[in-house]
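I opened my notebook to look this structure up piece by piece. These are my entries, in the order I made them.

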Amino acid sequence: MDGLIITSASNTVQDVAIGGFGSGAGVLINGGSATGNSVVASYLGTNATGDTASPNGVGVSIAGGASANTIGGTTSPDSNTISGNSGHGVFIDGATGNTVAGNIIGMDAAGAVALANGGAGIGIDTTASGNLIGGTVVGAANVLAYNGGDGVEMTATAGAGNSVIGNITFANSGLGIDLAADGVTGNDVGDGDPGPNDLLNFPVIMSAIEVAGTVTVDFDLDAPAGDYRIEFYTNASGVDPSGYGEGESLTHSYAVIGHPGGSASYSTSFAGFAGDELTTTATEDLGASYGSTSEFGAAFTCVPLN
């Protein structure tokens with residue numbers, strides 16, 4: 001049994017605590033008519049203060065062709081706490097064009113201690129495409145931490161164009177971003193392999209050298225022709241045991257303009273320190289919006305200039 005079911009347009013769920021729905025969803029937004037709905041300032045899987053688990057099967061589920069729905073927002077009052085559920089925090093299944101932003105997923109409402117979801121922080125499945133997780137504006141980052149699965153998991157049947165940008169991702173049991181839900185997916189030459197998010201290749205850091213508080217990173221990108229947003233993260237809590245990082249703190253973004261296709265080398269500089277553990281993602285930059293995001297690349301330790 002689900003907690004609250006929405007099948008129509010332009011509804012707002014606000015200031016509620018929904019928990020204890022067993023294998024069901026706390027909030028289910030379902031069907032092609034379910035558009036323009038929002039879930040804000042609520043507790044999905046916890047008590048009304050967001051510090052004790054009251055599990056649902058899934059915190060919020062968006063399914064059946066539902067589109068243009070928003071979970072959270074970019075201002076603090078809109079943030080949801082989606083934690084303590086037995087499965088995924090948020091599950092997007094066969095739905096397009098939805099936004100999940102500014103939420104705490106896997107921690108208590110204060111962002112102080114773990115309150116894990118049993119599955120991924122956010123799961124994306126069955127042709128779901130064009131969904132935005134996070135964003136580039138202030139306040140859009142989701143906190144995805146301590147979840148029992150990946151931070152963001154896309155199954156082998158998920159679609160493309162799902163953007164995962166600017167989030168705070170650390171201490172999950174799985175990867176920060178997992179395309180195909182099978183662990184680290186290595187890069188392929190020319191990036192022609194199909195799959196969720198077209199299995200977009202991640203950037204490969206070749207060197208990271210610090211001089212007087214400035215880090216210069218040289219990296220390679222092997223991807224189809226186009227424009228890309230490359231995000232660089234530091235990981236003060238340590239890198240993922242796989243060696244392919246999560247993304248605890250967004251440090252820098254770099255615009256690759258006019259990538260020719262195939263492999264090319266780039267360089268960028270930003271403030272940082274020797275010893276920083278750097279990780280990267282690539283996201284298609286479509287101009288007015290973003291497309292597919294890669295997994296996190298291998299972590300690379302910044303070193304001082306000798």
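**Entry 1**

I looked up Y244 and found it partly exposed, because its relative accessible area is 27%. I noted the rule: buried means under 20% relative accessible area, exposed means over 50%, and partly exposed lies in between, with a 1.4 Å probe and protein chains only. I also noted that this is a predicted model, where local features need pLDDT of at least 70, side-chain atom pairs count only at pLDDT 80 or more, and totals for chains, interfaces and linings use all residues. Residues are numbered from 1 along each chain as its sequence is written, and side-chain values use heavy atoms, with hydrogens and water left out.

Next I checked F202, which counts as buried because its relative accessibility is 6%. The ring centres of F202 and Y244 are 5.6 Å apart and the planes stand at 65 degrees, so I wrote the pair down as edge-to-face. The pair links distant parts of the chain, 42 residues apart. F202 is in the loop between β19 (177-179) and β20, while Y244 is in the loop between β22 (226-234) and β23 (249-259).

How many aromatic pairs does the structure hold? I found 7. The rule covers rings of Phe, Tyr and Trp (its six-membered ring) with centres within 6.5 Å; planes under 30 degrees apart are stacked, over 60 edge-to-face, and the rest tilted.

I then looked at Y146 and F170: their ring centres are 5.6 Å apart and their planes are at 75 degrees, so this pair is edge-to-face. Y146 is in the loop between β15 (143-145) and β16 (152-154), and F170 is in strand β18 (residues 168-170), 24 residues apart. Is F170 buried or exposed? F170 is buried, because its relative accessible area is 14%. Y146 is partly exposed, at 34%. I also listed one aromatic cluster, formed by F219, F232, Y254, Y266 and F270.

**Entry 1: Strands side by side**

I traced the pairing of strands, which takes at least two DSSP bridges between them. Strand β7 (residues 58-63) runs parallel to strand β10 (residues 90-93), with 4 bridges joining them. V60 has V90 in β10 as its bridge partner. β10 also runs parallel to strand β13 (residues 122-125), again by 4 bridges. There, I92 stands opposite I124 in β13.

Then I turned to an open sheet of 4 strands. Its order is β24-β21-β20-β28, with mixed pairing. The edge strands β24 (262-271) and β28 (303-304) each pair on one side only. β20 pairs with strand β21 (residues 214-223) in the antiparallel sense, over 7 bridges. E210 has V215 in β21 as its bridge partner.

**Entry 2: A patch and a salt bridge**

I stayed with β20 (residues 204-211), where I209 is found. I209 is partly exposed, because its relative accessible area is 33%. I209 also belongs to a nonpolar surface patch with V211, V303 and L305, and together they have about 320 Å² of accessible area. Patches take residues with over 30% relative accessible area and no salt bridge; nonpolar side chains (Val, Leu, Ile, Met, Phe, Trp, Tyr) are joined within 5 Å, like charges within 9 Å. The areas come from the Shrake-Rupley method with a 1.4 Å probe, and for residues only the protein chains shown count as cover.

A salt bridge is a side-chain nitrogen of Lys or Arg within 4 Å of a carboxyl oxygen of Asp or Glu. I counted 1 salt bridge. The side chains of R229 and E231 meet in it, at 2.7 Å from N to O. Both R229 and E231 are buried.

I found N98 in the loop between β10 and β11 (99-101). N98 counts as buried, because its relative accessibility is 0%. A polar atom of the N98 side chain lies 3.3 Å from the backbone nitrogen of A68.

S54 is in the loop between β6 (43-44) and β7. S54 is partly exposed, at 23% relative accessible area. S54 and F21 are 33 residues apart in sequence, and their C-alpha atoms are 8.4 Å apart.

My last stop was V137, in the loop between β14 (132-134) and β15. V137 is partly exposed, at 49%. Its C-alpha atom is separated by 28 Å from that of A264, 127 residues apart along the chain.

Technical notes
Helix = DSSP H or I, 4+ residues; strand = E, 2+ residues; numbered from the N terminus. Polar contact = N/O pair within 3.5 Å; in protein donor to acceptor, adjacent residues only side chain to side chain.
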